[in-house]
Amino acid sequence: MEWYLKVLKQHYADFSGRARRKEYWMFTLVNIIIAFVFGFVCGLIKLPALSMVYSLAVLVPGIAVTARRLHDIGKSGWFMLIALIPLVGLYLIYVLTLEGDNGNNAYGPNPKAVLA
């Protein structure tokens, strides 16, 4: 949960820098769980618009953390547009699982080294 809150509080619309695999995947996991539960509850009480409000609220931080994750492996944030190509877009999931560059790259210092 701390990774989810970190993305929302500290890096809401921050598209610069790098994000570790753990930061990206923990944000994604918690976001999927919250969206599922929130969508289920909103469906039960017949207020699906509330679920859409949540989705819109986490859209920008979700794109931002994805861009920072791509920066960690040395790719531009624009690389996420590959997801728009049917089947080829699955390659993005593979890329997001790769280990980040060791040391500094064009997008900043290694986030693992900063924490250590």
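These are my notebook entries on a predicted model of a protein.

**Ground rules**

I number residues from 1 along each chain as its sequence is written, and my side-chain values use heavy atoms, with hydrogens and water left out. Since the model is predicted, local features need pLDDT of at least 70 and side-chain atom pairs count only at pLDDT 80 or more, while totals for chains, interfaces and linings use all residues.

**Entry 1: the overall build**

I started with the secondary structure and found six helices and zero strands. Helices here are DSSP runs of H or I with at least four residues, strands are runs of E with at least two, and both are numbered from the N terminus. Along the sequence I read the pattern α-α-α-α-α-α.

Next I looked up the dimensions: the C-alpha trace spans about 50 × 35 × 20 Å along its principal axes. The accessible surface comes to about 7,300 Å², by the Shrake-Rupley method with a 1.4 Å probe, where for residues only the protein chains shown count as cover. Carbon and sulfur atoms own 72% of that surface.

How much of the protein is buried? Buried residues make up 35% of the 116 residues. My cut-offs are under 20% relative accessible area for buried, over 50% for exposed, and partly exposed in between (1.4 Å probe, protein chains only).

I also checked contacts, meaning heavy atoms within 4.5 Å. Taking contacts between residues at least 6 apart in sequence, 67% join residues at least 24 apart.

**Entry 2: helix α2**

Helix α2 covers residues 21-44, and I went there for the nonpolar surface patch. Eight of the patch residues come from this helix, which is the largest share. The patch is about 1,100 Å² and is made by Leu29, Ile33, Phe36, Val37, Phe38, Phe40, Val41, Leu44, Ile45, Leu47 and Leu50. Phe40, for one, sits in helix α2. For the rule: patch residues have over 30% relative accessible area and no salt bridge, with nonpolar side chains (Val, Leu, Ile, Met, Phe, Trp, Tyr) joined within 5 Å and like charges within 9 Å.

Asn31 is in helix α2 too. Is Asn31 buried or exposed? It counts as buried, because its relative accessibility is 17%. Leaving aside residues up to four places away in sequence, Asn31 touches Tyr4, Tyr54 and Val58.

**Entry 3: charges and salt bridges**

I counted 11 positive and 6 negative side chains, and the centres of the two sets lie 5 Å apart. Lys and Arg count as positive and Asp and Glu as negative, without His and the chain ends. Each charge is placed at NZ of Lys, CZ of Arg, CG of Asp or CD of Glu.

Side chains of opposite charge can pair when their charged atoms come close. A search of the whole structure gave me five salt bridges, each a side-chain nitrogen of Lys or Arg within 4 Å of a carboxyl oxygen of Asp or Glu.

Glu99 is partly exposed at 43%, and so is Arg21, at 32%.

Glu99 also forms a salt bridge with Lys112, with the closest N and O atoms 2.9 Å apart. Here the loop is linked to helix α6, across 13 residues. Lys112 is partly exposed, with a relative accessible area of 39%.

Then I moved to helix α4 (residues 59-72), where Arg69 and Asp72 lie three residues apart, about one turn of the helix. Their side chains meet in a salt bridge at 2.6 Å, N to O. Arg69 is buried at 0%, and Asp72 is buried at 4%. Arg18 joins Arg69 and Asp72 in a network of salt bridges.

**Entry 4: back to the α5-α6 loop**

I finished with two residues in the loop between α5 (90-96) and α6 (111-115), one of them Ala106. Ala106 counts as exposed because its relative accessibility is 78%.
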